[in-house]
Amino acid sequence: MSETTAAAVARSPIAASPATVLDGWEVSARAATGASTLSDETPLAKVLVRAPFDGASRKALGVRFGRTEHTDVGSGEVLLVGSAPGEWLTLGAPGTAPALRTALEERLAGTGEFTSVLDLTHGRALMRLQGPAATTVLAGVCAIDLADTVTPDGTALRTSVAAVVTDVVRDDVSGVRSYLLHCERSSGQYLWDALLDAGSRSAVEVTGFRGLGSAGSAR
Amino acid sequence: MMLLPCPWCGPRNAGEFKYAGEGGARPDPATTTPEEWRRYLYFHANTRGWVTESWYHGAGCRRWLVVERHTLTHEVRGVRDAVQVAREGTR
């Protein structure tokens, strides 16, 4: 009798229907045709860095609180987000979390500061709201001024979105307005449903995994 | 709606914050009597006017803040990071 072991499949907290497997993750197989979309980006590697907000680590990472940057820290293209004072969230391609964590640890090793680098990939939910209706939909569930003058492309902030503490990252793709929304895994499905509910009048459609779509440029 | 001007995040809805009571110097555990601890923990001046308070921005920067607020009008005239205040010893 032969023994076979199926490859482990990671699952997002957001139910995918119909589902397919991509890079070891169960993702939605849908492909939206509308302009405004919501996609589950939970498979992206998510690594959190904590360090003093105003010291050598901030200089080594090159991103201040409230801003983002598409860069390469040695593990491929990543989105480095200054998510809070002394807190950085790094997003990378699916499956790159161990390499990303190592690369960040090496970069911070010479700072002489107390830092911590933690892989949160399976503990958080991440989604992308994109398209011309993205601002209207998001404005319906959070109290932040989303005008270009206040929150331009490359802005990162944390606030209450549909009563869930959420990192909101404006990460436009090819000039199309786009927001990454990052929250605790246990709130992922609720936040997803709340956004779909808020977007029902704006014809927001569910689409499959997109990944980091922007071309690398510092902002 | 009450807005609190967070020094890190800008003006935010007070619902994003957790009110942690009137500020004040923490008693020395080595010399404080149980009665003094009880007064420190549970008794408040409840002033009608300007009060220095502690707030926690749980849905934002996750920093403790020292807020000067008028309890009658809810006017806020100063918000500072508690770490900075502690370093300067200016609370």
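Two residues count as being in contact here if their C-beta atoms, placed from the backbone, lie within 7 Å. Keep in mind that this is a predicted model, in which local features need pLDDT of at least 70, side-chain atom pairs count only at pLDDT 80 or more, and totals for chains, interfaces and linings use all residues. Residues are numbered from 1 along each chain as its sequence is written, while chains are lettered from A and ligands numbered from 1 in the order in which they are written.

Let's start with A:Ala134. A:Ala134 belongs to helix 3 (residues 134-139) of chain A; helices (H or I, at least four residues) and strands (E, at least two) are DSSP runs, numbered from the N terminus. A:Ala134 is buried because 26 other C-beta atoms lie within 10 Å, where buried takes 20 or more, exposed 12 or fewer, and partly exposed anything in between, with C-beta atoms placed from the backbone.

Now step back to chain A, which is divided into domain 1 (10-43 + 123-207) and domain 2 (45-122), with bounds from an automatic or database domain assignment. Their C-alpha centres lie 22 Å apart. The contact between them takes 17 residues from domain 1 of chain A and 14 residues from domain 2 of chain A.

Finally, look towards chain B: 9 residues of chain A are in contact with 11 residues of chain B. Strand 11 of chain A provides the largest share of chain A's side, 4 residues.
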